[in-house]
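Please walk me through this model.

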Amino acid sequence: MKQPSPPRPARIEVFRHLFAALTEEMGAALRRSAFSPNIKERRDYSCALFDGAGRVVSLGDHMPVHLGAMPMSVGAIRDTLGELGPGDVAAVNDPFLGGTHLPDITLVSAVHTTERAKPIGLVASRAHHADVGGSAPGSMPLVREVFQEGLRIPPVLLLRAGLRVDGVWRLILANVRTPLEREADLQAQIASLDAGRRRLLDIVERVGADAVTEAMELMRAYGDRLLAEGIDRIPDGTYAGEDVLDDDGMGNGPLPIRVSIRVEGSRASVDFRESADQAEGGVNAVAAIAVSCVRYAFRCVAERLLGVSLPAGGGDMERVEVLLREGSIVAARPPAAVAAGNVETSQRIADVLFEAFSVALPDLIPAQSQGTMNNVTVGGTDPRTGETFAYYETVGGGAGAGPSGPGLSGAHVHMSNSLNTPIEALEHAYPVRVVAYGLRRGSGGKGLHRGGDGLRREVRMLTDADVNLLGERRARGPRGRAGGGAGQPGRDAVRADGVERAVPSKGAIRLKAGDELVILTPGGGGWGARQSTPSAS
């Protein structure tokens, strides 16, 4: 006798956890098999599950800036290559086709069952590769055109029916400084897709393809309904937020980013059209990044208001209209340089979204966090091996305090969800020595609840090296909220022959063996005015 199906709410919850576990298993497979410390140690990757039509089903708890943009990459692959066949693996990193910046390479494969001609789902992984060519090691240079930033990959097949497309692999690996590492990390991404495919087929085998397809649709619809309920709890009205980027590294700035959020019932529009024009330097964000930030901010607010997490990242987000002006700093057109748009401008977009929400929900939104990822790339020749090396890392800072308590210290915030590179991993993999690493005590903003402290990280070069920096919040610190004080701004310096000198937060530096790079990251803003204690009479 056939067992009755569980009630629909229970069914949704069961599949929700099954699909979430699938994306986490993909991430674990990628992390275990990756070669570079940036993926293995910092966990600079994201994995997701889509239905057969390319619509979001489950987003892993990985990098928000990756995940919100990934649906556009999947769409670009489907539009360009059509339906992926069994064993096909497609790749793309083009920022103007759903990518974020060139080091983030997205791989996608379809999951086919024996009883259906079309795929039952798609699995995708995006990882930040430590070098994809371009004018500087690490592929995060301060330049004027995307062509100078690295190899731009349109939607192409890496595997066709399970076999390598050798010409594509040769083309990619011939244009990077560390081909063995790139090949190993791409293979790790393919392994993560295999893990996701196997897990989805296991679920199909247990419950049937029809049940899985129905669950995917239920998941998306449920995410949409929860998001609509969350928006409905925001008071109707129009709320504005504004902040600035310090500069574009080319002498232009400050550069304003402005948003206006209009809430009407369970729908909202988000208007960025008054933001600055796209810049000369590479702080430009593409449309996929702006959309990703909107998904993240609305998901955070809705989950806080409802007290539950949103499946499918909030579904299709059809109730949120995003208005962008092509050619602006949040919707750049080619051939704009975009390396910092993904890592720095995304943080400022998140900041202005929460600034706007703080007007509508003053007792809910925390103070500003560090608002930067403090990007460092280093490249040269490793004297231990004679081989070229390129390493990339971001450095955590202070999180903003909130109404419920102080901010975290030394953490990655908002659009980043990575880890700080462990000292042991850094020194093992590269010719560097970490001479100081700790919290910047007191750098968080004062208030009833203090902002989190930033970090101090000092790295000595053991060989001559090219260093590129991309950082923000150096001109002014993150704002406090509800009367709390601002966090301290960051600072970058070089120490050579015992003399320390400040350097710009964006640009290239040539360091000699023995020179030290000093990174001081911003503290988070404080929340609430400090209440004085009455003195005893």
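The disulfide count is zero, where a disulfide is a pair of cysteine sulfur atoms within 2.5 Å. Buried means under 20% relative accessible area, exposed over 50%, and partly exposed in between, with a 1.4 Å probe and protein chains only. Cys293 is in no disulfide either; its nearest cysteine sulfur belongs to Cys300, 11 Å away. Cys293 is buried, with a relative accessible area of 0%.

The model is predicted: local features need pLDDT of at least 70, side-chain atom pairs count only at pLDDT 80 or more, and totals for chains, interfaces and linings use all residues. Residues are numbered from 1 along each chain as its sequence is written, and side-chain values use heavy atoms, leaving out hydrogens and water.

Now the sheet. Four strands form an open sheet in the order β8-β9-β10-β11, with mixed pairing. Strands (E, at least two residues) and helices (H or I, at least four) are DSSP runs, numbered from the N terminus. Two strands pair if DSSP finds at least two bridges between them. β8 (237–245) and β11 (320–323) are the edge strands, each pairing on one side only. From one strand to the next, the twist averages 15°.

Inside the sheet, β9 (residues 255–264) and β10 (residues 267–271) pair in the antiparallel sense over five bridges. Arg262 has Ser269 in β10 as its bridge partner.

Helix α8 (residues 339–360) packs on the sheet and touches β8, β9 and β10. Contact means heavy atoms within 4.5 Å. The direction of α8 makes about 145° with that of β8. Axes are lines fitted to C-alpha atoms, for helices over the stretch in contact, and angles run from 0 to 180 degrees between N-to-C directions.
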